Amino acid sequence: EESLFKFFFMALFAGLAALLTPCVFPMIPMTVAFFTGNEKGRADAIREAIIFGISIIAIYTIVGIGVSVLFGAEVANDLATSAIANIIFFIIFFIFALSFLGAFDIILPSSFVNKMNKNADKGGLIGVFFMAFTLVLVSFSCTGPIVGSVLIESAQGEILKPIIGMLGFSLAFAVPFTIFAIFPEWMQSLPKSGGWLNSVKVVLGFLELALAIKFLSIADQTYHWGILDREIYLAFWIVIFSLMGVYLLGKLQLPHDTPVKNLSVTRLLLSIVTFTFVVYMIPGMFGAPLKALSGYLPPMTTQDFDLNRIIRQSQEPSNYSNLSDNDFPLNPRFSSFLHLPHGINGFFDYDEAVEFAREMNMPLFIDFTGHGCVNCRKMEEYVWADKRVLSRLVNEYVVLALYVDDKTVLPEEEWYISNYDGKVKKTIGKQNFDFQIGTFNSNAQPYYVLLGNDEKILTNPQSYDLNIDRFIEFLDTGKRNFEGNDND
């Protein structure tokens with residue numbers, strides 16, 4: 001629920017950003033004139049303006065419903081981590097970025113737009129609806145990349161996200177048109193169109209370019225290509241946002257830009273914020289956790305040069321430090337390419353972890369996670385990193401990470417047909433995801449389960465929750481129940 005709530009406001013912000021583009025902003029007075037310039041009374045004009053706004057919301061929300069129908073929950077999970085899908089998303093975002101930066105315009109066929117425009121001339125409620133439709137189509141070259149970005153982001157979540165996203169976007173997009181149609185005198189307070197509108201597009205282009213890197217990174221992680229390690233990813237972002245800061249200062253001009261003669265206070269403040277963000281990212285090149293970006297960066301385990309890891313390895317013993325070298329497996333299965341955060345030693349295969357937990361008479365901590373899971377990274381950086389939590393994980397539990405999106409194909413003799421959906425499960429991720437759904441009736445990540453030596457749940461599983469005290473209580477309750485069962 002919290003994730004959907006935040007996504008709604010992200011989409012709302014995207015709708016507000018769409019209003020400040022050269023394709024949309026100049027159309028506000030033109031649209032208002034349509035309602036205020038007819039011979040009908042003010043009451044009719046207000047009624048038509050409200051219907052116009054509702055029509056815009058309906059058009060975009062119907063698009064969101066269509067995406068939900070096409071992308072079910074299972075398809076969404078595949079899309080979230082599929083190399084082909086994420087590379088396609090990367091290309092789409094890259095094309096969107098080039099469009100915003102001025103390389104070309106994305107436009108719909110003029111014949112289609114003209115046909116909708118003729119329908120808008122019919123008048124009445126149908127005419128109002130088709131006018132809203134025409135506005136959506138005419139503004140597509142500016143709103144298309146933003147709408148596409150919202151839909152691509154939503155396609156990586158549950159089925160409600162496309163609907164919620166389009167509702168938030170269209171609400172921000174429609175309300176100003178409706179309000180100014182009802183109160184046309186407020187139009188005088190709007191700034192005049194000018195070069196600043198193209199600057200908004202260019203800034204959005206830089207942001208689209210940064211987001212494109214994120215999708216390529218997901219594919220890189222799930223298939224272990226090793227192309228976009230954390231420092232490479234950060235280097236791209238540092239360069240992109242540095243160029244964005246230079247652009248805001250008026251020192252970089254792109255096609256369709258108006259020369260900046262005098263730097264406005266707004267551009268100066270935005271450039272300060274941008275360069276501050278760049279300075280914040282630079283320590284990440286040396287292993288700084290950058291918690292504010294933990295959900296968007298590749299995991300720390302991909303960082304080649306990590307000062308924190310070097311210091312930790314020299315000062316802190318790893319978990320199971322009370323054991324001899326022969327007690328803990330030197331190379332747990334899949335540990336050559338799968339890793340746990342904060343230097344935790346653990347397992348990535350369920351059977352291996354259960355066997356070790358029984359041998360050591362310790363409870364098992366299962367982390368259902370994913371390479372492309374934003375909330376998993378946030379939990380690891382905000383909650384797991386807490387000394388009290390890390391101490392419990394290191395000393396009181398056998399830790400097992402089950403990646404539900406890993407694309408590594410297992411030997412053919414380990415393939416099986418799922419009892420849940422009747423499909424053959426060939427990869428590590430497919431089998432872990434099937435195990436999570438079939439055993440614990442959950443398909444969300446992160447998802448934390450505590451098991452005893454009898455493989456029974458010790459306490460209610462925990463999902464995404466950044467409250468450290470609640471997570472500590474979760475671990476302590478599991479440990480108490482394990483010791484109680486052991487005494488029995």
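**View 1. Arg267 and the ring of Tyr247.** In this predicted model, the charged end of Arg267 lies over the Tyr247 ring, 5.4 Å from the ring centre.

**View 2. Aromatic pairs.** The structure has 22 aromatic pairs. One of them joins Phe8 and Phe9 edge-to-face, with 5.5 Å centre to centre and 85° between the planes. Phe9 is partly exposed, at 42% relative accessibility. The Tyr233 and Trp237 pair counts as tilted because the planes meet at 40°, with the ring centres 5.3 Å apart. Tyr233 and Trp237 are four residues apart in helix H11 (residues 230-248), about one turn of the helix, and both are buried.

**View 3. An aromatic cluster.** Phe365, Trp384, Tyr397, Tyr448, Phe471 and Phe474 belong to one aromatic cluster.

**View 4. The salt bridge of Glu455 and Arg358.** This is one of ten salt bridges in the structure, with N and O 2.8 Å apart. Glu455 sits in the loop between strand E5 (447-451) and helix H18 (468-487) and Arg358 in helix H14 (residues 350-360), so the contact ties together parts 97 residues apart in sequence. Glu455 is partly exposed at 35% relative accessible area, and Arg358 is partly exposed at 43%.

**View 5. Further salt bridges.** Arg470 and Asp465 form a salt bridge whose closest N and O atoms are 2.7 Å apart. Arg470 is partly exposed, at 47%, whereas Asp465 is buried because its relative accessible area, 18%, is under 20%. Arg480 pairs with Glu473 in a salt bridge of 3.1 Å, N to O. Arg480 is partly exposed at 47%, and Glu473 is partly exposed at 39%.

Key: Residues numbered from 1 in each chain as written. Predicted model: local features only at pLDDT ≥ 70, side-chain atom pairs only at ≥ 80, totals over all residues. Heavy atoms only, no water. Phe/Tyr/Trp six-rings, centres within 6.5 Å; stacked < 30°, edge-to-face > 60°. Buried < 20%, exposed > 50% of the residue type's maximum accessible area, 1.4 Å probe, protein only. Helix = DSSP H or I, 4+ residues; strand = E, 2+ residues; numbered from the N terminus. Lys NZ or Arg CZ within 6 Å of the ring centre and 35° of its normal. Salt bridge = Lys/Arg side-chain N within 4 Å of Asp/Glu carboxyl O.
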